[in-house]
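Student: I would like to learn how to read a model like this one. Can we go feature by feature?

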Amino acid sequence: MKIFDTHAHYDDEAFDDDREELLKSVRASGVEAIVDIACSMETSRLMPAFISRYDFMYGTVGVHPDDVCGLTVADMDELARLSEEDKIIAIGEIGLDHSRDDVNKELQKKWFAAQLDLARELDLPISIHSRDAAKDTLDVMRAEHAENIGGVMHCFGYGVEMARQFLDMGYYLGIGGVVTFKNGRKLKEVVEYAPLDRIVLETDCPYLSPVPFRGKRNHSGNLTYVVSEIASLKGLSEEQVCETAYKNAQALYRI
Ligand code: NI
């Protein structure tokens with residue numbers, strides 16, 4: 001089975017001690033492509049050099065809602081320049097996170113909208129982080145005509161009704177370890193509901209390990225547990241899930 005991890009953070013320091021060996025074993029387990037996701041100006045700047053070390057890895061540039069304080073218009077210009085580097089294939093992760101109140105909501109919306117504009121100008125898909133902010137996310141996306149940009153709702157965490165609205169806008173749903181959690185009923189329902197051709201696999205590693213490794217450091221090799229859960233929820237074979245999700249990931253990232 002060949003697997004495409006559409007959202008990982010292998011540049012994270014959690015991998016500093018054993019990154020090369022881990023990625024070798026991940027590759028040997030059938031993971032054929034990985035997109036490493038930036039979340040700040042700093043990680044965006046380091047991304048081109050980081051992904052150039054691995055021929056199976058692509059990257060993004062963009063600023064996560066937790067990190068938008070202090071952003072400037074010049075930063076948007078710099079992201080545009082960075083996006084022209086080799087194998088940078090999307091803008092992300094960008095979006096809104098109202099789960100904590102340490103970053104002003106209006107400021108988050110402003111820079112989410114600015115990065116949607118950027119993606120549109122650059123003709124790149126987007127990876128969206130949206131947590132406890134479903135309505136605001138939809139409002140900004142609608143106002144910015146995000147249906148003309150395209151991308152993925154990373155680590156989708158809302159219910160079926162919200163899934164329907166993002167699917168209607170043409171977005172893919174990123175499904176990861178949470179679908180294996182005992183308390184993951186809401187996400188299991190979303191997976192039952194969503195057409196397989198709109199689902200992509202993601203780890204968000206080092207975070208969100210599936211059962212039986214919940215709480216431990218995650219890596220792309222663990223996606224087999226996510227695949228088997230999706231297959232059982234949808235009554236399909238694991239091969240069908242992997243194959244379709246792989247094609248979806250290629251369509252999403254246009255590679
Ligand atoms: Ni992430």
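Student: What arrangement do the four donor atoms around the nickel ion make?

Tutor: Start with the rule. Donors are N, O and S atoms within 2.8 Å of the metal (3.2 Å for Na, K and Ca); water is not among the atoms, so sites may look incomplete. Four donors count as tetrahedral if all angles lie between 85 and 135 degrees. Four count as square planar, and six as octahedral, if opposite donors are over 155 degrees apart and all others between 65 and 115; anything else is irregular. Here the four donor atoms subtend angles of 86 to 177° at the nickel ion, so the arrangement is irregular.

Student: Which residues coordinate the nickel ion?

Tutor: His7 (NE2), His9 (NE2), Glu93 (OE) and Asp204 (OD) do, at 2.1 to 2.3 Å. Their spacing along the sequence is H-x1-H-x83-E-x110-D. Helices (H or I, at least four residues) and strands (E, at least two) are DSSP runs, numbered from the N terminus. Histidine 7 sits in strand 1 (residues 3-8) and glutamate 93 in strand 4 (residues 88-97), so this pair ties together parts 86 residues apart in sequence.

Student: How far can I trust such values, and how is the numbering done?

Tutor: This is a predicted model: local features need pLDDT of at least 70, side-chain atom pairs count only at pLDDT 80 or more, and totals for chains, interfaces and linings use all residues. Residues are numbered from 1 along each chain as its sequence is written, and side-chain values use heavy atoms, with hydrogens and water left out.

Student: Is histidine 7 buried or exposed?

Tutor: Buried means under 20% relative accessible area, exposed over 50%, partly exposed in between (1.4 Å probe, protein chains only). Histidine 7 has 1% relative accessibility, so it counts as buried. Glutamate 93 is buried too, with a relative accessible area of 3%.

Student: How many disulfides does the structure hold?

Tutor: A disulfide is a pair of cysteine sulfur atoms within 2.5 Å. The structure holds zero. Cysteine 39 is in none; the nearest cysteine sulfur, that of cysteine 205, is 12 Å away. That is too far for a bond. Cysteine 39 is partly exposed, at 24% relative accessibility. Cysteine 205 is buried, at 0%.

Student: How do I read empty space?

Tutor: Rolling a probe the size of a water molecule over the atoms shows where empty space is left. On a 1 Å grid over the protein atoms alone, a cavity is a set of points where a 1.4 Å probe fits but cannot get out. A pocket is an open set with protein on both sides within 12 Å along at least five of seven lines; lining residues have an atom within 4 Å of a point. Grid points are joined across faces, edges and corners, and a volume is the space filled by probe spheres set on the points.

Student: How much space lies in the largest pocket?

Tutor: About 760 Å³. Of its 29 lining residues, Arg131, Cys155, Val178, Asp204 and Leu208 are the closest to its centre. Strand 5 gives the largest share of the lining, three residues.

Student: And which residues line the largest cavity?

Tutor: Among them are Cys155, Val178, Asp204 and Leu208. About 40 Å³ of space lies in this cavity. There is one cavity of 30 Å³ or more.
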